[in-house]
Amino acid sequence: MKAFEFLDKVGKIDTNTMVLDKAIGYNTLDDMLTMTGEYFNLVKYGWGTSILIDEDIIQKKNDLYHTYDIKTYPGGTLFELAYKYGEIDKFFDTLDKLNFNAVEISNGSTDIPEVDRADIIKQAKQLGFFTLSEVGKKNPKLDQEYSEETRVELINKDLKSGSDLVIIEGRESGKNIGIYDNSGNIKKDTFNMIINNTKKDKILWEAPQKNQQIDLILTLGNNVNLGNINSNDIISLETLRRGLRGDTLGKV
């Protein structure tokens, strides 16, 4: 039984929460999951960090994550490197070898033709991976060249190709990118265009900042899909979802 469980009137939220793993050590991870493993279901090994870690450590960590039913995948940057070097098949083989059970398809730092992107999403699904794709560019200037209509079109194309979830780029900073302005506040016009023209339950919003998490929870509900959550903020986010914190108390 959880402490003070009688005061929790909301209970566990059935939704997608993606946490960012920036090379968490195995023993630290074991302790972390004891406390938080039931409160998220996706973990992304940040950008290309997996290249710097021994295979056996990654396999061991993935096995541990999977005991908590948490899907694991490397960041989209690693996929983009594989595409750039013509190593997509070897990339998928290595994902399987290392016990990753999900994959992110993105072109945030590179240019990938839409037909190739669609084919790779379909390939990932055929290979049995839980497939996430990401819409947006890492460079704010390039990202801002996307019109609201273009973002919606790209999201819907990915969903049609078979993506399980489409990530809205927010980076680790949550500023001046995607739906966020220079201060990290949500740009309502862009946000509304997306939610009014796509399947909201298929969108995962990267929301590293507390104010973004609060705004998205209060606007879309406490089961909104959120990503790029710092591993130190897992419990904090769960309290926001359940109305156990002043910002959402009595509002969810």
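## Rings, strands and cores in a predicted model

The charged end of Lys71 sits over the ring of Phe130, 5.1 Å from the ring centre. This is a predicted model, so please read every value below as computed from predicted coordinates. The tour starts with ring contacts, moves on to the strands and helices, and ends with the nonpolar cores.

**Charges over rings**
- Besides the contact between Lys71 and Phe130, the charged end of Lys60 sits over the ring of Tyr26, at 4.3 Å from its centre.

**Aromatic pairs**
- The count of aromatic pairs comes to eight.
- One of them joins Tyr45 and Tyr65 edge-to-face, with 6.3 Å from centre to centre and 65° between the planes.
- This pair links distant parts of the chain, since Tyr45 belongs to strand 2 and Tyr65 to helix 2, 20 residues apart.
- Both Tyr45 and Tyr65 are buried.
- Tyr45 also pairs with Phe100: the ring centres are 5.2 Å apart and the planes stand at 80°, so this pair is edge-to-face.
- Phe100 lies in the loop between helix 4 and strand 4, 55 residues away from Tyr45.
- Relative accessibility is 3% for Tyr45, which therefore counts as buried, and 5% for Phe100, which counts as buried too.
- Phe40, Tyr45, Tyr65 and Phe100 form one aromatic cluster.

- From strand 1 the chain crosses through helix 1 (residues 26-36) to strand 2, a right-handed β-α-β crossover.

**Strand 4 and its surroundings**
- Strand 4 is covered on both faces, with Ala102 and Glu104 buried on one side and Val103 and Ile105 buried on the other.
- Strand 4 and strand 5 (residues 130-135) run parallel and are joined by four bridges; Ile105 has Ser133 as its bridge partner.
- Together, strand 4, helix 5 and strand 5 make a right-handed β-α-β unit.

- Helix 3 (residues 76-84) has Gly76, Leu78, Phe79, Glu80 and Ala82 as its buried residues.
- Their cover includes strand 3 (71-74), helix 4, strand 4 (102-105) and helix 5 (114-126).
- Just after helix 3, Gly86 adopts a positive phi of about 65°.
- Asp63 lies in helix 2 (residues 55-67) and counts as partly exposed, at 39% relative accessibility.
- Asp63 and Leu98 are 35 residues apart in sequence, with 9.3 Å between their C-alpha atoms.

**Nonpolar cores**
- In the largest nonpolar core, which has 53 residues, those with the most contacts inside it are Phe40, Tyr65, Phe92, Trp205, Leu216 and Leu226.
- Helix 4 (residues 88-97) supplies the largest share of this core, four residues.
- Another core of nine residues lies apart from it, with Tyr73, Phe130, Leu165 and Leu204 among its members.
- Leu226 touches a set of residues beyond four places in sequence, including Met18, Leu204, Trp205, Leu216, Ile217 and Leu237.

Key:
Residues are numbered from 1 along each chain as its sequence is written. This is a predicted model: local features need pLDDT of at least 70, side-chain atom pairs count only at pLDDT 80 or more; totals for chains, interfaces and linings use all residues. Side-chain values use heavy atoms; hydrogens and water are left out. A nonpolar core is a set of buried Ala, Val, Leu, Ile, Met, Phe, Trp, Tyr and Cys residues joined through side-chain atoms within 4.5 Å. Buried means under 20% relative accessible area, exposed over 50%, partly exposed in between (1.4 Å probe, protein chains only). Helices (H or I, at least four residues) and strands (E, at least two) are DSSP runs, numbered from the N terminus. Contact means heavy atoms within 4.5 Å. Two strands pair if DSSP finds at least two bridges between them. A crossover is right-handed if, with the strands pointing away from the viewer, the path from the first strand over the helix to the second runs clockwise. Rings of Phe, Tyr and Trp (its six-membered ring) pair if their centres lie within 6.5 Å; planes under 30 degrees apart count as stacked, over 60 as edge-to-face and the rest as tilted. A charge sits over a ring if NZ of Lys or CZ of Arg is within 6 Å of the ring centre and within 35 degrees of the ring normal.
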